[in-house]
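Here is a report on a ligand site and a helix pair.

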Amino acid sequence: MNAIKNIKGTHDILPDEVCKWQELEKIVRNICSQFGYHEIRTPVFEETRLFSRTVGEDTDIVSKEMYTWEDRDGKSLTLRPELTASVARSYIQHNLNVKAQVQRLYYIGALFRRERPQKGRQRQFHQFGVEAFGSNNPEQDAEIIGMAWRILSVCDLNAETTLHINSIGSQECRHKYRIALKKYLNPLKGDLSDTSKKRLETNPLRILDTKIEKEIDILKNAPNISEFYSDNDKTHFEQLKKLLKCLRIPYTINNRLVRGLDYYTNTVFEFISDKVGSQNALIGGGRYDNLVESIGGKTTPGIGFAAGMERFIIAMDKTGRIFKQPKPDVYFICLNEISIKTMISISMKIREIGFTVISDPLRRSLKSQLRDANRLEASFALILGETEIERGTLCLKNLKNGSQEEILQSEILKYFNSLGT
Ligand code: AMP
């Protein structure tokens, strides 16, 4: 049989890499908890209509990137391509609004999109993200953007990332803007790409997302969404900008930023890195005041962001950050079959007081076990040979400075206790 390999666009995260993930997860958990956010875990698959209805039928995600299948009972199911819809579904289903008027939630998990794989773009990838339900005030937007900023700074990434913000206004504002944009682009249709021609009919705002130079040029003279803001839209955006200044978070207004998904309203934002190549959006988010209602809940405002963890790790690596690999404190070398029992029971006791202990299950020679202990960068080797068995002692070798001493087995816990964990 041919060797079985992982599926294109998915990646194994091997032990050497895992410490980076754990460090990032720890940072995320700490900061989320400093802001009073609680973790939520939802299933990796949901009913397809949850995503088609919220993310939007003519987005790339729903139209071509979802892993969807028909279950045996005929129900259409989909591996989650994003998490906001799932979190909103769970929020409604479990009446989380009753438990607290403002629900602050965060998640860390795997997502699935059938995109063309490249560096920083995978078919199974991971995001952490936050969602706050219940407030439509700009201080809530500032809290969410402030959290993203804190996480970026603790990861040493804020100097190289730019916050792009925009307001895409309320539904009425977008409705008027859509008409104006169509009116402007229709006569120039011949110069647009096929994708943009299609979007002109289905979702003209998405044309603003274009990366094609010629289209960017055409858009320079297009009407600006800010001309269509209602008074409320304007005030919300102005207040948010003031709060960001107060938090000293630098930003640029990007009126071409619309974010692809249907559920966004008013504030949208992205943190763009200038160091990680073409897949440079590290964090994307926005306000979604109509989302909860659109899937059957009571009208509830909300705002959140999602961050790509693969891209974060690429960016953190580029800063030269040293990720700490856990190293064993003690490598226990047992040289005689009859003392295995003593070794395993002492090892367990040392672990119980907080140290990492490993031992060799291959019964190799002293020399190769010491080599292994050095390879793993253990701090100490505890050696239990014939002499030590006879004397009820252990040889304690400090692998950092090479010093060696003999300690009574009954005294070994006292010794490690005195070191402190
Ligand atoms: P989105 O849910 O598309 O707004 O994406 C939010 C963040 O997730 C992006 O800014 C990226 O950092 C990350 N991301 C999105 N799609 C992928 C992908 N296919 N592979 C890796 N990261 C992704």
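Gln127 places a polar side-chain atom 2.9 Å from an oxygen atom of the ligand. The model is predicted. Arg113 also uses its side chain: one of its polar atoms lies 2.8 Å from a ligand oxygen atom. Ala281 uses its backbone instead, with a polar atom 2.7 Å from an oxygen atom of the ligand.

How much of the ligand's accessible area does the protein cover? On its own, the ligand has 480 Å² of accessible area, and the protein covers 91% of that.

## The shell around the ligand

The ligand has 14 residues around it. Those that come nearest are Arg113, Glu115, Gln122, Arg259 and Ala281. By class, the shell holds five nonpolar, four polar and five charged residues.

Three strands each give the shell at least two residues: β6 (124-133), β10 (281-287) and β11 (302-308). Strand β10 supplies the largest share, three residues.

## Helices α1 and α6

Two packed helices are described by the angle between their axes and the distance between the axes. Helix α1 spans residues 15-34, and helix α6 spans residues 138-154. Their axes are 10 Å apart, at an angle of about 145°. The crossing of α1 past α6 is right-handed.

Which residues make the contact? From α1 come Ile27, Val28, Ile31, Cys32 and Gln34. From α6 come Met147, Arg150, Ile151 and Val154. Seven residues of this contact are nonpolar, one is polar and one is charged.

Note on methods: Residues numbered from 1 in each chain as written. Predicted model: local features only at pLDDT ≥ 70, side-chain atom pairs only at ≥ 80, totals over all residues. Heavy atoms only, no water. Near = heavy atom within 4 Å. Polar contact = N/O pair within 3.5 Å; in protein donor to acceptor, adjacent residues only side chain to side chain. Areas by Shrake-Rupley, 256 points an atom, 1.4 Å probe, with all protein chains shown as cover. Helix = DSSP H or I, 4+ residues; strand = E, 2+ residues; numbered from the N terminus. Nonpolar A, V, L, I, M, F, W, Y, C, P; charged D, E, K, R; others polar. Axes fitted to C-alpha atoms, helices over the stretch in contact; angles between N-to-C directions. Left-handed = near helix turned anticlockwise from the far one by under 90°. Contact = heavy atoms within 4.5 Å.
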